[in-house]
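Please walk me through this structure as I have it open in a viewer. Tell me what to select next and what is there.

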Amino acid sequence: LWNVGLDYLHGTGHGVGSYLNVHEGPQSISPKAVEAAAIEAGMILSDEPGYYEDGEFGIRIENLVLVVPASTKHNCKGKGFLTFEALTLVPMQQKLIDVSLLTATELEWLNHYHAMCRDKVGQELEKQGKQGVLEWLKRETSVMTRLE
């Protein structure tokens, strides 16, 4: 969105905790965050980017993620880096994705996420003998490519 001068004007994520508050902290990824705690390994956050045009439409993808140490080529001053590991494994609706708008990195991420959904959820579906649902999962997580 920023590449074309747009922003979604809401928080990207918030803590998920034990008190059933929808936006439970203390951690938050939001321009509106007041006294948010630093994000640390082991925290669970929502990850919910989206975009809305007032009175027209809106779209949002929402998952839960676990904060984990990142494996990087360099470790500047030994401070380490963090990344997110997906906890919610639900396929993204492929017919709503215009692959031509994705960068190569975004498409690679999407295909990796769908492979995780297929592998982890698929194993459980096989154990439960839910063949019809497994076939649906395989179809909905198939590799997406650009038409050349």
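A residue counts as buried when its relative accessible area is under 20%, as exposed when it is over 50%, and as partly exposed in between. Keep these limits at hand for the stops below. The model on screen is predicted.

**Stop 1: the aromatic pairs.** A pair of aromatic rings is described by the distance of the centres and the angle of the planes. The model has 2 aromatic pairs. Select Tyr-51 and Phe-57: their ring centres are 6.2 Å apart and their planes stand at 50°, so this pair is tilted. Colour the two by accessibility. Phe-57 has a relative accessible area of 47%, so Phe-57 is partly exposed. Tyr-51, at 12%, is buried.

Next select Trp-109 and Tyr-113, an aromatic pair that is stacked, with 5.3 Å from centre to centre and 5° between the planes. Both residues belong to helix α1, which covers residues 104-127, and they are 4 residues apart, about one turn of the helix. Is Trp-109 buried, partly exposed or exposed? With a relative accessible area of 45%, Trp-109 is partly exposed. Tyr-113 has 2% and is buried.

Stop 2: Now centre the view on Leu-110. Leaving aside residues up to four places away in sequence, Leu-110 touches Met-92, Ile-97, Leu-102 and Met-144.

**Stop 3: Asn-63.** Select Asn-63, which sits in strand β6. Asn-63 is buried, with a relative accessible area of 11%. Which residues does Asn-63 touch, not counting those up to four places away in sequence? They are Leu-45, Ser-46, Asp-47, Thr-88, Met-92 and Tyr-113.

**Stop 4: the largest pocket.** Rolling a probe the size of a water molecule over the atoms shows where empty space is left. The largest pocket has a volume of about 1700 Å³. It is lined by 38 residues, and those closest to its centre are Pro-49, Ile-61, Met-92, Leu-102 and Glu-106. To see the elements that give two or more residues to this lining, select β4 (50-53), β5 (57-60), β6 (63-69), β7 (82-86) and α1. Which element gives the most to the lining? That is α1, with 7 residues. Last, colour the lining by class: 23 residues are nonpolar, 8 are polar and 7 are charged.

Methods
Residues numbered from 1 in each chain as written. Predicted model: local features only at pLDDT ≥ 70, side-chain atom pairs only at ≥ 80, totals over all residues. Heavy atoms only, no water. Phe/Tyr/Trp six-rings, centres within 6.5 Å; stacked < 30°, edge-to-face > 60°. Buried < 20%, exposed > 50% of the residue type's maximum accessible area, 1.4 Å probe, protein only. Contact = heavy atoms within 4.5 Å. 1 Å grid on protein atoms, 1.4 Å probe; cavity = no way out; pocket = protein on both sides within 12 Å on 5 of 7 lines; lining within 4 Å. Points joined across faces, edges and corners; volume = space filled by probe spheres on them. Nonpolar A, V, L, I, M, F, W, Y, C, P; charged D, E, K, R; others polar.
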